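Open the model in your viewer and keep the sequence panel beside it. The stops below say what to select next and what is to be found there.

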Amino acid sequence: MKHLRIAAIPGDGIGREVVPAAIEVLDAISDTHGGLSFKFTSFPYSCEYYLEHGEMMPKDGLERLKDFDSIFLGAVGNLDLVQDHVSLWGLLLKIRREFEQAINIRPAKILSGVRSPLVNPKDFDFIVVRENSEGEYSSVGGRIYQGEDEIAIQNSIFSRRGTEQAMRFAFDLASKRKKHVTSATKSNGIFHSMPFWDEVFKDVTKSYPDIDTDSQHIDALAAFLVTNPDRFDVIVASNLFGDILTDIGAGIMGSVGIAPAANINVNGKYPSMFEPVHGSAPDIIGKGIANPIGQIWTAKMMLDHFGEEEMGKVLLDAVESVTQDGIITPDIGGKYTTEEVKNEIINRIKAKA
């Protein structure tokens, strides 16, 4: 029996509703399929925690988290309480950076029974591998002067090590899928960083002769995700480009509420973190209609990360069985509650035991 210690951070808004739901699903699959058990420890880090303590997590917050096998995060942010740059940099981005979670992966695929806004989505199934530690989101820059003379400078940082690491991760992933990697670039408009990105991609490609590749400018690539998403397998992108593309991926699936994500530490020094793409959704807090699928699919990614791909498949198959039968929340056209969707997923997991 493999025992995993998981730090659960429900965070803000609907995170407090969907994280407990996903934990119940994980416990159900552990109980019915054996070989794996979870021990969850909950941490209250959130915007409400900030209002009480003046910080998103305590000074030793990372020290408390570092020995867990993984982190299971719900949502961060509540603009009514705390500005976004405070909440994100104080919790989510702090964990990503300090725990060296240099890779972000986000799948997008058609789920049976979930209607895509695309007229003809076909059967798309792709994954975006996003460099997660530097690029356009590097916290390098500053402001000078005030008033009409004020200047803001934001520097993008691209290291060969970080760029190549993301690309090799993408190629390794593609080798287990349809053997195709697309690079997201903008070397016709961004003078230094994107030609560098292209050069590293060309160098890495030489190590993977069995993988087909292409390179697309980000504006055209964004359009192709809408007009022809089934042409893609694995897309590798910088921090900003990957962020944008994955929201498009969530949108063409039918709702950001069903989209999962993983922040991967590749060196084994710290835990990886698993979180859905959606935010805290303040407009539906407490209504019982938050879509739990994004968090539950995120749990599937956590199972895959621990080498439990079979259990992950059982979980996602149960989700698709439920959506195919129309047991879905209002954001994707249904009438069911968070609790009802979660319970039906658990029932189908148990039925497959």
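On a 1 Å grid over the protein atoms alone, a pocket is an open set of points where a 1.4 Å probe fits, with protein on both sides within 12 Å along at least five of seven lines, and its lining residues have an atom within 4 Å of a point. This is a predicted model, in which local features need pLDDT of at least 70 and side-chain atom pairs count only at pLDDT 80 or more, while totals for chains, interfaces and linings use all residues. Residues are numbered from 1 along each chain as its sequence is written, and side-chain values use heavy atoms, with hydrogens and water left out.

**First stop: the largest pocket**

Select Ile-127, Leu-173, Lys-300, Asp-304 and Glu-309, which lie nearest the centre of the largest pocket among the 24 residues that line it. The space in this pocket comes to about 840 Å³, a volume being the space filled by probe spheres set on the grid points, which are joined across faces, edges and corners. Which element supplies the largest share of the lining? It is H10, with six residues. At least two lining residues each come from E4, E5, H5, E11, helix H9 (293-305) and helix H10 (309-324); here helices (H or I, at least four residues) and strands (E, at least two) are DSSP runs, numbered from the N terminus.

**Second stop: strand E5 and its partners**

Now select strand E5 (residues 125-131), where six of the seven residues are buried, that is, under 20% relative accessible area, whereas exposed means over 50% and partly exposed in between (1.4 Å probe, protein chains only). Strand E4 (residues 103-109) pairs with E5 in the antiparallel sense over seven bridges, two strands being paired if DSSP finds at least two bridges between them. To see this pairing, look at Lys-109, which stands opposite Asp-125 in E5. Strand E10 (residues 234-237) runs parallel to E5 and is joined to it by four bridges, and there Val-236 is the bridge partner of Val-129.

**Third stop: aromatic rings**

Rings of Phe, Tyr and Trp (its six-membered ring) pair if their centres lie within 6.5 Å, and planes under 30 degrees apart count as stacked, over 60 as edge-to-face and the rest as tilted. By this rule there are nine aromatic pairs. One of them joins Phe-43 and Tyr-45, whose ring centres are 5.5 Å apart with planes at 40°, so the pair is tilted. Phe-43 is buried at 10% relative accessibility, and Tyr-45 is buried at 1%. Phe-158 and Trp-197 make an edge-to-face pair, with 6.3 Å from centre to centre and 90° between the planes. Because Phe-158 lies in the loop between strand E7 (151-157) and helix H5 (160-174) and Trp-197 in helix H6 (residues 193-205), this pair ties together parts that are 39 residues apart in sequence.

Over the face of Phe-68 lies Arg-5, at 4.4 Å from the ring centre; a charge sits over a ring if NZ of Lys or CZ of Arg is within 6 Å of the ring centre and within 35 degrees of the ring normal.

**Last stop: a lysine in a helix**

Finally, select Lys-342 in helix H11 (residues 338-351). Is Lys-342 buried or exposed? Lys-342 is buried, with a relative accessible area of 2%.
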